[in-house]
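Please keep the sequence and the 3D view at hand while reading.

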Amino acid sequence: MTGMSDIDHGLDGTAGATDDESTEDESSGGDGLFDDLVGSTPVFEDKEVLRPSYTPRELPHRTAQIDQIASVLASGLRGDTPSNILIYGKTGTGKTACAKYVSEELEATAETGDVPCEVAYINCEVTDTQYRVLAQLANRFVADNRRVLQARLGDLETLRDRVEVEGAAALADSDLPDREALAAAIEELRADRARMEEVPMTGWPTDRVYDAFFEAVDYRERVVVVMLDEIDKLVEKSGDDTLYNLSRMNADLDNSRVSIMGISNDLQFTDFLDPRVKSSLGEEEIVFPPYDATQLQDILQQRAAVAFREGVLAEEVIPLCGAFAAREHGDARRALDLLRTAGELAARDGSERVGEGHVREAQEELELDRVTEVVRTLPRQSQLVLYAIVRMDEKGMDSITTGEVYGVYEHLCEHVSTDALTQRRVTDLIGELDMLGLVNAVVVSKGRYGRTKEICLSAKSDATARVLRDDAGLATLESVDPFVQQRFDV
DNA sequence: AATCCACAGGAAGCCCGGGAAC
DNA sequence: GTTCCCGGGCTTCCTGTGGATT
């Protein structure tokens, strides 16, 4: 259990980070600092259930997937090795929630059965190297073993004390024949305990960590499901060695069985895997399709019933949240964010009901947050390129071309004494800005006048400009006129 | 039909920082 | 500590290209 709480902590950490931001937003918005903490306002009954970290007990429209996962894992309850599972689906389709739900059920059922089943959850976005994955797993089972061992040791020690008082008769109801055996058993457990070392966060050779994990898992009989969330991140960052090692383990384990449950946003990620890993990992593949608008509404309805006070939601609020989120690839997380933000906005302006306007406002705000965040964290050079485009846009130029952007950009670089990148590189940066949705860039051919990209700022241009000036500190370039006559003298 | 513009975007290689291995 | 290796950012050099113009 201690191991699990460690792991959970990682999760809370990430959720906490986003929470911090939203509370900051609210306090700067001039609203009560403690509203969030008190948890109950005229609008909300319990806001927590709208947060991404909350795992509901019921997952609408996912019974098929849940049954599928459960039927695969069920073999673990019989002491067999469950097939490895690979779960696919876009963000906010309930992959992790379903997998966790089934895992909890599995562990709960196993408690009453003969074979212990345990699920080790690892978020590969955070734990993204082979070393860290193995170390985290090893430590979880080391802690687990120690606890079991400690309990057994405690029992034996009280037994020994009883033997001291009552004599050898006290051994009658144990499986130990005599005092020597008892002493030997205690010694053995102590030796085991001393041998079980925690794996440090860094420093050991990777194969030693692997051995530590191996020994810890095999210490007693059990079926272990290693749940690797965002497994594509792990493969992307550190290759498929981890998966290869894990999938091969069963051949050498004596007491325990290990199977892998991988969760991925990316349908294509198995292309990078070793064929052997690919076939072993993909024994069972389960796809989570995006939710459609009505399914999203059901989810929202279920949560809203708990989250909001009776009757504060206007009729059209939930359908609208569902529709907005369905447009974003059926992302339930997004739908819940929308609903929560809409509620917060209603609470902020003191209204007692959440209306359609609040939802639209929330949609705006979330989009704005995204743009702000993206622009703020852009590399310096990309910010300069983007700023060049902003300036040209503000000058009223339409159909901006790569060459023009480059000219302005070069000029801006001089004023911030930065070395300008080559045009080749800037084309790539413009491509990246396009991917991020900050600009729209289309390749057009102007016949005799060449082939270029036509670039324009996308929707949130005012937000983009504001962030560049305020956060990125480009306001100092405001006085610079980057539109010099270029290269007519050459 | 040929030409030619103003780039797009691929290929190869350099440089540098960070992490693993020795 | 140093050496090696790797990946990412970047440059240099290059070939390819759609369509107005000749």
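**The surroundings of the DNA strand**

In this predicted model, the residues around DNA strand C are Ala420, Leu421, Thr422, Arg424, Arg425, Ser445, Gly447, Arg448, Tyr449, Gly450 and Arg451. Of the atoms of DNA strand C that come within 4 Å of the protein, 73% belong to sugar and phosphate.

An N or O atom in the side chain of Thr422 lies 2.8 Å from a phosphate oxygen of DNA strand C. The bases are approached as well: a polar backbone atom of Gly447 is 2.8 Å from a base nitrogen, and an N or O atom in the side chain of Arg451 is 3.2 Å from a base oxygen.

Attention now turns to Glu118, which belongs to strand E2, residues 117–123. Is this residue buried or exposed? Glu118 has a relative accessible area of 8% and therefore counts as buried, since the limit for that class is under 20%. Its side chain forms a polar contact of 3.4 Å with the side chain of Arg140, and another of 3.4 Å with that of Arg222. Beyond its neighbours within four places in sequence, Glu118 is in contact with several residues, including Phe141, Asp144 and Val224.

Ala172 counts as exposed because its relative accessibility is 68%. Its C-alpha atom is separated by 73 Å from that of Val371, a residue 199 residues apart from Ala172 along the chain.

How values were computed:
Residues are numbered from 1 along each chain as its sequence is written. Chains are lettered from A and ligands numbered from 1 in the order in which they are written. This is a predicted model: local features need pLDDT of at least 70, side-chain atom pairs count only at pLDDT 80 or more; totals for chains, interfaces and linings use all residues. Side-chain values use heavy atoms; hydrogens and water are left out. A residue is near a molecule or strand if one of its heavy atoms lies within 4 Å of it. A polar contact is a pair of N or O atoms within 3.5 Å; within protein, one must be able to donate a hydrogen and the other to accept it, and residues adjacent in sequence count only if both atoms are side-chain atoms. Buried means under 20% relative accessible area, exposed over 50%, partly exposed in between (1.4 Å probe, protein chains only). Helices (H or I, at least four residues) and strands (E, at least two) are DSSP runs, numbered from the N terminus. Contact means heavy atoms within 4.5 Å.
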